[in-house]
Amino acid sequence: DGGNCTPCASGSYKELRGNQSCDLCDANTYLNFSGSSSRSDCTPCDPNAQSPQGSAVLEACKCNLGWTGLDGQPCVGCLPGTFKNVTGDAACVNCDAGKYSEVTNSESYDNCLLCHEFSFSSAGTGLKTGCTCNAGYFGHNGIRCRECARGTYKSNQGSGPCVQCFMAGDSPPASTSLSDCDCSEGYRHNGSSCEACPAGTYRNSTTPSNVAACSDCPANSQSEVASALLFDCTCRAGYTG
């Protein structure tokens, strides 16, 4: 009192006459001009942004965790499949491939959950059903995947069924390609299918049908059609061994 009076700085105000100090605007507000005489001049930030006490510019309002936008501008929530664990104008970050998150406005990578075993998802997947079964496995999206049975295969990602190998064909469990299908013992490849080894020959699992044909029985021995073992070759009448 009795001295020179100076205006309250931006970010502060003084409602009473006298020599009291100016009061700072509350956190999560800002005041961008000097000489304010009312607390009501402190303008709130976006509901999903924050600012320190005594903020003097709109740009001091920074988006909260789980929300993104330029400083001082409206904040937009992170979509499912993304998260943001810092304050400010950083972008929301995708969950990794092989994970998903159904949480909106997620603040943590911990909300990114692993897909079920034998399934996969692209980065930024926002639904559990975005986890689809790998090749060689089948099942509904987002649910446990099971391996294709022996004698079947599945070459694509997704919920489609396993496909039967060609007639008399066989394949290991969880096969991913038609090329995994091999003819059963006693059969050989004939283009896109299998045919029985003719009489007098045999084929077992140690001779893959895509590289070896049916093997001839030893001289003076005979076998039935579709024989699988050398033991199936028996001596002709008049011969012994």
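Buried here means under 20% relative accessible area. With 14% relative accessibility, Tyr137 falls under that cut-off and so counts as buried. The model is a predicted one, and Tyr137 is a handy place to start reading it, since its ring belongs to a stacked pair with Phe118.

A pair of aromatic rings is described by the distance of the centres and the angle of the planes. There are 2 aromatic pairs in the structure. In the one formed by Phe118 and Tyr137, the ring centres sit 4.2 Å apart with the planes at 10°, which is why the pair is classed as stacked. Phe118 comes from the loop between β12 (113-114) and β13 (119-120), while Tyr137 is part of strand β15 (residues 137-138), so the contact ties together parts that are 19 residues apart in sequence.

On to the charged side chains. Side chains of opposite charge can pair when their charged atoms come close. The count of salt bridges in this model comes to 5. One of these joins Arg39 and Asp26, with an N to O distance of 2.5 Å. This bridge runs between distant parts of the chain, 13 residues apart: Asp26 is in the loop between β2 (23-24) and β3 (29-30), and Arg39 is in the loop between β3 and β4 (43-44). Both ends are partly exposed, Arg39 with 45% relative accessibility and Asp26 with a relative accessible area of 32%.

Another bridge brings Arg150 together with Asp170, at 2.9 Å from N to O. Here a loop residue meets a strand residue: Arg150 lies between β16 (146-147) and β17 (152-153), Asp170 lies in β19 (residues 169-170), and the pair therefore links parts that are 20 residues apart in sequence. Arg150 counts as exposed, at 56% relative accessibility, but Asp170 is partly exposed, at 23%. Arg188 and Glu195 also form a salt bridge, their closest N and O atoms being 2.8 Å apart. Arg188 has a relative accessible area of 24%, which makes it partly exposed, and Glu195 is likewise partly exposed at 27%.

The Arg150 and Asp170 pair turns up again in the second largest pocket, where both residues are part of the lining. That pocket holds about 170 Å³ of space. Its lining also includes Ser171, Pro172, Asp180, Asp182, Cys183, Ser184, Glu185, Arg203 and Ser205. Sorted by class, the lining comprises 6 charged, 3 polar and 2 nonpolar residues. Pro172 and Cys183 are among the lining residues, and both belong to the nonpolar class.

Finally, a word on the backbone. Most residues other than glycine have a negative phi, and most peptide bonds are trans. Asn220 has a positive phi of about 70° without being a glycine. Asn220 sits in the loop between β24 (215-216) and β25 (221-222), and at 36% relative accessibility this residue is partly exposed. Ala226 also has a positive phi, near 70°, and is not a glycine either. Ala226 is found in the loop between β25 and β26 (234-235), and its 25% relative accessibility puts it in the partly exposed class.

Terms used:
Residues numbered from 1 in each chain as written. Predicted model: local features only at pLDDT ≥ 70, side-chain atom pairs only at ≥ 80, totals over all residues. Heavy atoms only, no water. 1 Å grid on protein atoms, 1.4 Å probe; cavity = no way out; pocket = protein on both sides within 12 Å on 5 of 7 lines; lining within 4 Å. Points joined across faces, edges and corners; volume = space filled by probe spheres on them. Salt bridge = Lys/Arg side-chain N within 4 Å of Asp/Glu carboxyl O. Helix = DSSP H or I, 4+ residues; strand = E, 2+ residues; numbered from the N terminus. Buried < 20%, exposed > 50% of the residue type's maximum accessible area, 1.4 Å probe, protein only. Phe/Tyr/Trp six-rings, centres within 6.5 Å; stacked < 30°, edge-to-face > 60°.
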